[in-house]
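This report examines selected features of the structure shown below, from helix packing and nonpolar cores to individual loop residues.

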Amino acid sequence: MIETSFLHLKGIGQKKLNLLREKGIQTWEDALLKPELLPFKSEKKNLIINEIMESKSALDNEDIHFLSKKLHKTERWKVLDKFFNRISYFDIETDGYTNRITLICCLHKGRVYKFLREDNLDMFLEILDDMELAVSFNGASFDVPVILYNFHIPEFPVPHIDLRWVLYFLGIKGGLKSIEKRLEIQRPNDLEGVDGFFAIELWNRWKQFGDREALLMLERYCASDVISLFYITAKVIEIQTGKKLELDDYWNTI
């Protein structure tokens, strides 16, 4: 599907894309085989061809960083489709006051990991180094900057796609919980109604009173967010391609 993407090329908008389709150019290969059909003057045509060759080389080499950055924002779902089995999902919780991270959960290579402040939080960096493509919800605005601040690292070292904006450009808007309902994704019953504000309260109950039940609920809540991202990503692929993926059941792991 990625090779059908043209909107990231300079000078190609929806009108030009429609014209390419009318001329029978559906893929990058079509454009390279029949460059005379490209509706541009010679100099511009050469630039487009060079960009297509660069994009094709990135795809051939599975350069996830290039593709996740380069593809147009409305077409980044295609990266999720292409590399679905190599995605890691992450979510963070904070204290709500100083944006100190209290908990990070990841779904990475078929396993849910939990990294707790004052316990094993720094081990998250080992998982981060092992990721190939990271997916979050609203992470571009919140999770990633907070991770950079807390771990004192200059930039996020993994190709990252914010699922919130993938969904937005597909016409699916709102918060994570409302999107789950729209896509008929059901998290465990005991986590219904738990939100970010309650997560801060759970952390405080753990820190102030040693309430282990509160800690376990906090961990289940954060883990459920990353598991939800996995199922939402699969739904996006199904909506866009018609492919119904066979998925593992991660709900029973938390």
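## Packing of α10 against α11

In this predicted model, helix α10 (residues 196-209) and helix α11 (residues 212-241) have axes that come within 8 Å of each other and cross at roughly 145 degrees. The crossing of the two helices is left-handed.

On the α10 side, the residues that take part are Gly-196, Ala-199, Leu-202, Trp-203, Arg-205 and Trp-206, and they meet Arg-212, Ala-214, Leu-215, Met-217, Leu-218 and Tyr-221 of α11. Sorted by class, this contact of α10 with α11 consists of nine nonpolar, one polar and two charged residues.

## Nonpolar cores

The largest nonpolar core holds 68 residues, of which Phe-6, Val-79, Tyr-89 and Ile-232 touch the most other members. Helix α11 supplies the largest share of this core, with 15 residues. Apart from this core lies another, of 20 residues, among them Ile-101, Ile-104, Leu-128 and Ala-134.

Which residues does Val-79 contact, once its neighbours within four places in sequence are left aside? They are Ile-2, Ile-64, Leu-67, Ser-68, Leu-71, Leu-133 and Ile-161.

Helix α3 (residues 42-60) has 19 residues, which at 1.5 Å a residue should span 27 Å. Just after α3, Glu-62 takes a positive phi of about 50 degrees.

The buried residues of α3 are Lys-45, Ile-48, Ile-49, Glu-51, Ile-52, Ser-55, Ala-58 and Leu-59. The elements that cover these buried residues include α2 (28-33), α4 (64-70) and α5 (77-82).

With neighbours within four places in sequence left aside, Glu-51 is in contact with His-8, Leu-9, Lys-10 and Lys-70.

## Loop residues with positive phi

Most residues other than glycine have a negative phi. Lys-109, however, has a phi near 50 degrees, a positive value in a residue other than glycine. Lys-109 is located in the loop between β2 (101-108) and β3 (111-116). This lysine, Lys-109, counts as exposed because its relative accessibility is 62%, and the cut-off for exposed is over 50%.

Glu-184 also carries a positive phi, near 60 degrees, and is likewise a residue other than glycine. Its place is the loop between α9 and α10. Glu-184 has a relative accessible area of 69% and is therefore exposed.

## Gly-171

Gly-171 lies in the loop between α8 (163-168) and α9 (176-182). Is Gly-171 buried, exposed or partly exposed? With a relative accessible area of 39%, Gly-171 is partly exposed, because that class covers values between the buried limit of 20% and the exposed limit of 50%.

How far from Gly-171 is Asn-18, as judged by C-alpha atoms? The two residues are 153 residues apart along the chain, and their C-alpha atoms are separated by 21 Å.

How values were computed: Residues numbered from 1 in each chain as written. Predicted model: local features only at pLDDT ≥ 70, side-chain atom pairs only at ≥ 80, totals over all residues. Heavy atoms only, no water. Helix = DSSP H or I, 4+ residues; strand = E, 2+ residues; numbered from the N terminus. Buried < 20%, exposed > 50% of the residue type's maximum accessible area, 1.4 Å probe, protein only. Axes fitted to C-alpha atoms, helices over the stretch in contact; angles between N-to-C directions. Left-handed = near helix turned anticlockwise from the far one by under 90°. Contact = heavy atoms within 4.5 Å. Nonpolar A, V, L, I, M, F, W, Y, C, P; charged D, E, K, R; others polar. Expected span 1.5 Å × (residues − 1). Core = buried A, V, L, I, M, F, W, Y, C linked by side-chain atoms within 4.5 Å.
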